[in-house]
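This briefing concerns the nonpolar core, the aromatic pairs and a surface patch of one protein model. Please read it alongside the sequence and the structure shown here.

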Amino acid sequence: MATAIVFLPLLGFLIAGIASLLAHRPAREADVIAFGKADHSDHRHGSHGHAAQGHDAHGHDDHHHDDHHHDDHHAPEPSPHPEAVSRFAEVLTTGFLMVACILSWVLFTQIALGSAQPVRITLASWIHVGDFVADWTIRVDTLTAVMLVVVTTVSALVHLYSIGYMHEDAGRPRFMAYLSLFTFAMLMLVTADNLVQMFFGWEGVGLASYLLIGFWFRKKSANDAAMKAFIVNRVGDFGFALGIFLVFWVFGAVSFDPIFAAVPGKAKEVVSFLGFHLNALELACCLLFMGAMGKSAQFLLHTWLPDAMEGPTPVSALIHAATMVTAGVFMVARLSPLFEATHFALALVLIFGATTAIFAATIGLVQNDIKRVIAYSTCSQLGYMFVALGSGLYAGGIYHLFTHAFFKALLFLGAGSVIHAMHHEQDIRKMGGLVRVIPFTAAMMFIGNIALTGFPFTAGYYSKDAIIEAAYVAHTPGHVYAFLCVVLAAGFTSFYSWRLYFLTFLGETRADKHIFEQAHESPLVMLVPLGVLAAGAFLAGAPFAHSFLSDATGAFWKGSLFTGPENHVLHDMHDPAKLPRWVVWSPFVMMVGGFVLAYLFYLRWPRIPGQIAERHPAIYRFLLNKWYFDELYDLIFVRPARWLGRFLWKKGDGMIIDGFGPDGVSALAVKIAGRVMKLQTGYVYHYALAMLLGVAGFVTWYLYSGGAH
């Protein structure tokens with residue numbers, strides 16, 4: 001069953017991809033000419049650079065900022081595939097994912113909720129070199145089962161949603177194949193039984209994200225965003241690879257079971273580097289977490305995530321809810337026996353998670369692109385997950401990953417429905433009043449909002465509040481800082497979530513009259529996934545809270561997560577003596593405060609945001625420009641790298657290598673040969689004269705050198 005779950009998406013990718021290639025046909029000249037003459041201005045896809053327009057009614061201006069991109073690459077172009085092939089690819093890949101989803105829930109019921117024991121399925125011998133052994137093995141335990149449910153459920157719904165969302169796109173077979181490839185890579189990652197196999201899936205999701213973010217490859221901004229995601233992740237992956245090397249050096253193995261069994265005996269292992277003596281396990285975990293920082297967009301390596309919005313909206317939902325960004329959280333949880341034996345590395349995870357949670361939440365306060373607001377929300381929620389992991393509540397981190405998948409996919413696909421209705425407009429300042437024309441989408445976004453903000457009895461309420469409580473009772477250094485960050489971030493999250501909802505759906509419309517009059521609900525194939533995810537935003541909460549987070553949680557996890565004997569976080573969370581009531585109520589108070597503030601600012605007194613922005617322009621621009629991280633990285637890394645490359649090109653390659661090489665020695669040889677060639681005239685008397693001169697010179701030398709004596 002587990003093998004089928006993993007390889008069904010791969011099979012879908014291969015069949016859809018091959019069918020797409022075999023059926024590919026050059027576009028007819030008449031179609032191309034007609035497409036070139038078509039009026040595409042109605043899509044306004046080119047209006048990406050915005051001049052300063054001053055503050056609008058809500059006090060937000062563009063500041064020459066590329067603040068909202070349109071989610072279409074161009075008007076419908078001639079398809080290189082017959083319609084039957086496109087439909088075949090859609091039905092095949094979606095059907096395979098539906099089957100994989102059903103099998104995942106069956107497996108989850110058997111292993112996580114039932115009495116079935118974890119299993120390991122060896123598919124093939126892979127790498128056997130000396131002591132280095134890495135077999136291709138599928139590991140199926142409760143942690144794997146939870147991730148299988150998350151990945152296949154969200155991916156299946158995204159596949160189904162994409163049938164409606166991408167129905168006019170010429171590259172539908174390629175898009176559906178890429179989605180299945182993305183899913184397969186993530187499934188390979190979460191079922192890995194060793195670090196090398198995990199690294200295969202790790203790089204696979206990186207490749208798939210590059211292909212999907214840059215899916216509309218004719219857009220320069222899409223290509224740039226894909227490159228940015230790929231390059232930033234290479235930084236994190238470099239640390240991840242070094243961490244794997246160090247783990248093998250310490251433990252002599254890359255498979256999880258022998259590594260975990262040897263942790264107690266290796267806890268004090270020391271490694272020497274540049275004259276420093278460092279704890280090997282601490283260093284290895286720090287390097288491994290560096291990989292998680294890249295994949296899960298943590299502070300400093302987060303810059304690729306908002307730009308990933310250049311891909312189609314279904315891609316955003318898949319990346320943010322089930323694949324790619326959850327890889328880092330899963331990896332730290334899987335390696336909990338290693339991290340549990342460290343102190344500094346665990347504190348690093350906690351502090352970076354808390355910083356990411358508050359940092360991303362502040363940026364989300366002022367963003368105007370509907371997808372970017374939700375993207376920074378993802379970044380902030382990932383920070384929450386790492387706060388849970390750093391606090392030692394590994395189950396809490398995975399539980400929030402589980403609940404977050406449903407309501408974040410709901411929010412992104414809901415945003416896609418809004419964009420679809422608004423003819424690809426993404427600026428929330430140009431919306432308003434949409435509840436009257438797309439009421440079902442508005443209701444689904446409302447459910448996603450209350451789950452994200454942690455409204456009682458929604459999924460987010462159980463997982464987010466547990467993380468805040470864990471941060472308070474934790475003993476990891478920096479837990480007080482983390483607690484303050486996540487509580488404050490809860491208030492910010494509520495504010496920007498309701499700001500988005502109010503500006504998009506309520507009040508008087510600010511949209512173009514023609515666009516607003518033509519707005520309508522999405523087709524059923526797009527609305528059904530929204531309804532399923534909305535149900536998940538409730539049902540992923542209370543029914544699973546006891547299994548994930550109770551004192552008897554060991555029977556649920558069956559050893560797939562490890563907590564040391566000194567880790568009492570889960571117990572302390574349920575101890576009233578160690579958890580004051582005000583801590584329990586703090587997230588609810590912040591949630592209500594954020595809602596009330598957003599209501600007053602954007603419905604009651606809508607001029608207030610503009611006045612605040614005018615009074616504090618430096619702070620407003622600082623947040624609008626995302627703390628200037630892109631500009632800072634451009635100054636520190638991009639420009640010096642470009643200068644160094646140009647210097648090596650012009651001076652190193654051009655002046656030195658070419659100058660002394662092909663443009664130097666060879667040029668000199670050609671010049672000398674050219675002059676010598678002039679001596680070859682072809683006249684006999686010239687050659688006779690040269691011979692006479694030679695003889696005269698020889699005789700002269702002979703006489704004066706004493707040869708005559």
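A residue is called buried under 20% relative accessible area, exposed over 50%, and partly exposed in between, with a 1.4 Å probe and protein chains only. At 6% relative accessibility, Thr-94 therefore counts as buried. The model is predicted, so local features need pLDDT of at least 70 and side-chain atom pairs count only at pLDDT 80 or more, whereas totals for chains, interfaces and linings use all residues. Residues are numbered from 1 along each chain as its sequence is written, and side-chain values use heavy atoms, with hydrogens and water left out.

**Core and buried positions**

- The largest nonpolar core has 219 residues; such a core is a set of buried Ala, Val, Leu, Ile, Met, Phe, Trp, Tyr and Cys residues joined through side-chain atoms within 4.5 Å.
- Helix α16 (residues 394-421) gives the most to this core, with 18 residues; helices are DSSP runs of H or I with at least four residues, strands are runs of E with at least two, and both are numbered from the N terminus.
- The residues with the most contacts inside the core are Trp-304, Phe-339, Phe-402 and Phe-548.
- Apart from residues up to four places away in sequence, Phe-339 touches Cys-285, Leu-288, Phe-289, Val-332, Leu-346, Val-349 and Tyr-394, where contact means heavy atoms within 4.5 Å.
- Thr-94 belongs to helix α3 (residues 83-113); beyond its neighbours within four places in sequence, Thr-94 is in contact with Ala-156, His-159, Leu-160, Ile-163 and Met-176.

**Aromatic pairs**

- Rings of Phe, Tyr and Trp (its six-membered ring) pair if their centres lie within 6.5 Å; planes under 30 degrees apart count as stacked, over 60 as edge-to-face and the rest as tilted.
- By this rule there are 51 aromatic pairs.
- The rings of Trp-136 and Phe-200 are edge-to-face, because their centres are 5.2 Å apart and their planes stand at 75 degrees.
- This pair links distant parts of the chain, with Trp-136 in strand β2 (residues 132-140) and Phe-200 in helix α6 (residues 195-213), 64 residues apart.
- Trp-136 is buried at 15% relative accessibility, whereas Phe-200 is partly exposed at 38%.
- Tyr-501 and Phe-505 form a tilted pair, 4.9 Å centre to centre with 40 degrees between the planes; both lie in helix α19 (residues 479-505), four residues apart, and both are buried.
- One aromatic cluster includes Trp-105, Tyr-399, Phe-402 and Phe-548.
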